[in-house]
Amino acid sequence: MAEPMGFYTDTTVCIGCKACEVACKEWNQLPATNGGVNTLSGDSYDNTRTLDGIHWRHVKFIEQFTEDRKDGRWLLMSDVCKHCVHAACLEVCPTNAIIRTEFDTVVIQSDTCNGCRDCIAACPFGVIEINPASNTAQKCTLCYDRLQVGMEPACSKACPTDSIQFGTISDLRNRAEKRVAQLHQSGEKRAYLYGADEKMLGGLNSFYLLVDKPEVYGLPPDPKMPSRNLVPSSLYTIFGAILVGLIGLFNFRDRGAREHEEVQP
Amino acid sequence: MNGAPSSTYFTASPDWEWLIVFYFFFGGLAGGSYFLAVLLDFFGRPEDRPLARVGYYISFPCILISGILLTLDLNRPLRFWHMLVEPNTFQPMFKYWSPMSLGSWALLLFGLFSFIAFLGALAESRRIGWLEPRSLRPPGAVGSVLAVIGGLLGFYVAGYTGVLLAVTNRPIWSDTPLLGLLFIVSAASISAALMILWADRSRWSVPSLVALHRMDAWVVALEIIVLIAVVVSLGAVGRAWLNWWGVLLLITVLIGMIIPLALYWRRGWLGDLNLTTSAALVLLGGFLLRLIIVFSSEAI
């Protein structure tokens, strides 16, 4: 297995140019929304709206301004699949359509997926959606096809400010930690890394440098694996089955079964 | 998304809608009525056998409908078999930790047991000329073994759907571990209600009909307790029901649980219609309950 690869996204240098979105769409031949007839969302400069089956990169525009708009700041962030080390989508997929690659990334095999949408409900980041062209669940592949021939993913290649950086996870973590230290030194004490260590789902192979709470960026503060509920929920269900069985037993008891004797036709 | 009561609020909706609501309803009926039929077979009087057969008559068509609904809900329905066989290796596809994977196998196996019981019931009542399948029903050894295994599978089919919802990251569904418990209790109540309706329509007066009605009342009372436990276990996420869904939930509790219970305790209220009204309301309540749980999360 090759060394784990991924993205480190430094949101402080993102300029919202959406080159990553365009490069992703171009390389992966993703169709346009609504046949290319776009409508304005009314949400800042964000007309992509969300990550889904045909948008595998999404630049978020977060406006933090005072009421009179004299003071404020933009938070910009290019969102993408997190390629979690403990991936919820991969865990629940009932067809094994979702696989972990030799680069430790998570890829949906479109020819195997049958569109049950369990992965959509499981993903803690709301990344996956159905691609209407293939009618299967789709998301960022971290350009698996490019990685296999030694190329860099299209989005990070296109990023003009190196907000999106691609590389081995260990190298990216080093770079990210240095950048956080640099920001702290220059007075931006709010900078921190989201998902860079193993505490969050075993580590996100696409992690972020943020300067506000995760929820401000639309990221869950405490993402969890769906399997956390498997054992307790199953035990409660078995308990329910026993209760119902006992109620049935008490209501039908003291009668032995005999065969083929009927009073009704 | 500031102030979201749970990290589950950052997820996307899988668009499990009407087909899944109906599947949960018919799946509950299939598993529940099979199980009740098995109970009647083992513990009922000989004259209760027609009522037990009703359970099997309900179970098989319901599981058949369930399979069709689930297949239609797939975005690629022709690939339904990918749930059971890996298309690249043709090896069996089985993940015990994925409720959907385990559920697919349970549906297949339960479908088989349900079909055998259906055939046995038809043969026993001489609705088909082929009488041999009668031995596939209790109390014979083969029939008893089939009934026990089928009953356990029926329970699984009736309850796993709640576990399936819990093993996601969606609001409400994954914020409580009690949906499987709620669904299995509800499956028993709606199945008993449908069997009562069937028996009443056929103008039977088998002794176990009274027992079945009494059992249904107990199970509906249990359902109310479990539903309260679900709301409590949701904690801050329970605020998701402070809207029309909450109103509908209250209406469901009233018409699908409290009124049927009241009708059970006050049997003279509606005279001859008491039993059927109560059973019909329980069925309606069971359907609405599933609708609220599925759609109120989808709406977030």
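Where does helix α7(B) bend, and which proline follows within four residues? Let's start there, with the reminder that we are looking at a predicted model. The bend sits at B:I258 and comes to about 30 degrees, and the proline that follows is B:P260.

Let me stay with this helix for a moment. Helix α7 of chain B runs over residues 244-265, which is 22 residues. From its first C-alpha to its last it reaches 30 Å, close to the 32 Å expected at 1.5 Å a residue. Its buried residues are B:T252, B:G256, B:M257, B:P260 and B:L263. So B:P260 turns up again, this time on the buried list. If you want to know what those buried residues pack against, look at α6 and α8 (273-298) of chain B.

Another proline in chain B, please. B:P99 lies in helix α3. Is B:P99 buried or exposed? It counts as buried, because it has 29 C-beta neighbours inside 10 Å, and the cut-off for buried is 20 or more. Leaving aside neighbours within four places in sequence, its contacts are B:Y160, B:V163, B:L164 and B:V167. Take B:V163: 64 residues away from B:P99 in sequence, yet 6.9 Å away in space, C-alpha to C-alpha.

Now let's bring the two chains together. The contact between them takes 61 residues from chain A and 68 from chain B. On the side of chain B that touches chain A, helices α1 through α6 of chain B each give two or more residues.

On to the core. The largest nonpolar core has 164 residues, and those with the most contacts inside it include A:C89, A:C119 and A:C123 from chain A, along with B:I184, B:M195 and B:V219 from chain B. Helix α1 of chain B, residues 18-43, gives the largest share of this core, at 17 residues. Zoom in on A:C89 and, beyond four places in sequence, you will find it touching A:I98, A:V106, A:C119, A:A122, A:C123 and A:I128.

Last stop, some strands in chain A. β2 (58-65) and β3 (72-79) pair in the antiparallel sense over 8 bridges. They form a hairpin with 6 residues between them, and in the turn A:R69 has a positive phi of about 60 degrees.

Thanks, everyone!

Definitions and conventions. Residues numbered from 1 in each chain as written. Chains lettered and ligands numbered in written order. Predicted model: local features only at pLDDT ≥ 70, side-chain atom pairs only at ≥ 80, totals over all residues. Core = buried A, V, L, I, M, F, W, Y, C linked by C-beta atoms within 7 Å. Buried ≥ 20, exposed ≤ 12 C-beta atoms within 10 Å, placed from the backbone. Contact = placed C-beta atoms within 7 Å. Pairing = 2+ DSSP bridges. Expected span 1.5 Å × (residues − 1). Bend = angle between axes of the 7 residues up to and from the residue.
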